[in-house]
Amino acid sequence: MSVDVPRRIVLLRHAKADWPQVADHERPLAERGRNDAPLAGRRIAEAGLTPELTLCSTALRTRETWKLVVHELPHRPKTVYEERLYDAPVGQLIEVINETADDVTDLLVVGHNPGMHGLADALAGEADEGARERMERGAFPTSAFAVVTFSGSWKSVEIGCGRLAGFWAPHE
């Protein structure tokens, strides 16, 4: 596959988590999160986003979010649970994305804030009308996702390389 093909990255923040007395990595979804995650999945499907690969943080709340989202998609993409996505800064998130094989056109990343918001903002050198404003207005809430498009190899993903093509949040 040519590396100049258009590509999409869907950056999904995990659904609303609960705060029981457990380690942060083991926090489960709250009831609202269990309700919102399938909505995000339906919206991803309705938008025609068809990830071939999902990179998901190993935290319980991201794994639970992905399990609820994926049931709403028309097909199940390959899923890789990646420890480096947990509480990762933007630079580390880009490093993980850079490792994606070039036969993947659409990638979905399930992660945490401030990383998902920071990454969407950093990658988006340009933005479709209103997308950046919607993302900034809500500060990338739980179950929200941004879509960033770019052309080139996954190894070429860097700050400012893409266009923020869309943003969705469950309670806009």
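I am working with a predicted model, in which local features need pLDDT of at least 70, side-chain atom pairs count only at pLDDT 80 or more, and totals for chains, interfaces and linings use all residues. Residues are numbered from 1 along each chain as its sequence is written, and side-chain values use heavy atoms, with hydrogens and water left out.

**Entry 1: His117**

I began with His117, and I found it in helix 4. Is His117 buried or exposed? His117 has 17% relative accessibility and therefore counts as buried. My cut-offs are under 20% relative accessible area for buried, over 50% for exposed, and partly exposed in between, using a 1.4 Å probe and protein chains only. I then listed the contacts of His117, leaving aside neighbours within four places in sequence: Met135, Glu136, Ala139 and Phe140. Contact here means heavy atoms within 4.5 Å.

**Entry 2: helix 4 with helix 5**

The axes of helix 4 and helix 5 (residues 131-138) come within 12 Å and cross at roughly 155 degrees. That makes helix 4 roughly antiparallel to helix 5. For the record, axes are lines fitted to C-alpha atoms, for helices over the stretch in contact, and angles run from 0 to 180 degrees between N-to-C directions. Angles under 35 degrees count as roughly parallel, over 145 as roughly antiparallel, 65 to 115 as roughly perpendicular and the rest as oblique.

I noted a left-handed crossing for helix 4 and helix 5. The rule I used calls a crossing left-handed if the near helix is turned anticlockwise from the far one by less than a right angle, and right-handed if clockwise. On the helix 4 side I found His117, Ala120 and Asp121, which meet Arg132, Met135 and Glu136 of helix 5. By class, this contact of helix 4 with helix 5 has 2 nonpolar, 1 polar and 3 charged residues. The classes are Ala, Val, Leu, Ile, Met, Phe, Trp, Tyr, Cys and Pro as nonpolar, Asp, Glu, Lys and Arg as charged, and the others, Gly among them, as polar.

**Entry 3: helix 3 with helix 4**

Next I turned to helix 3 (residues 90-98), which packs with helix 4 (residues 115-123) at an angle of about 75 degrees, their axes 9 Å apart. That makes helix 3 roughly perpendicular to helix 4. Helix 3 brings Val90, Leu93, Ile94 and Ile97 to the contact, and helix 4 brings Gly115, Met116, Gly118, Leu119, Ala122 and Leu123. I sorted these residues into 8 nonpolar, 2 polar and no charged.

**Entry 4: helix 1 with helix 2**

At what angle do helix 1 and helix 2 pack? I read about 50 degrees between helix 1 (residues 31-46) and helix 2 (residues 60-70), with axes 7 Å apart. The two are therefore oblique to each other, and helix 1 passes helix 2 in a right-handed crossing. Among the contact residues are Gly33, Ala37 and Ile44 of helix 1, and Leu68 and Val69 of helix 2. The class count for helix 1 with helix 2 came to 6 nonpolar, 3 polar and 1 charged residues.

I then traced an open sheet of 7 strands, in the order 3-2-4-1-6-7-5, with mixed pairing. Strand 3 (78-82) and strand 5 are its edge strands, each pairing on one side only. I counted two strands as paired if DSSP finds at least two bridges between them.

Strand 7 (residues 162-168) is mostly covered, with 5 of its 7 residues buried. Strand 5 (residues 124-127) runs parallel to strand 7, joined by 3 bridges; I saw Ala124 bridged to Gly162, and Ala127 to Leu164. Strand 6 (residues 145-151) pairs with strand 7 in the antiparallel sense over 5 bridges, and there Val148 has Leu164 as its bridge partner. Helix 5 lies across strand 5, strand 6 and strand 7, at about 55 degrees to strand 7.

**Entry 5: Thr149**

My last stop was Thr149 in strand 6. At 23% relative accessibility, Thr149 counts as partly exposed. Beyond four places in sequence, Thr149 touches Arg7, Arg8, Gly162, Arg163 and Ala165.

Conventions. Helices (H or I, at least four residues) and strands (E, at least two) are DSSP runs, numbered from the N terminus.
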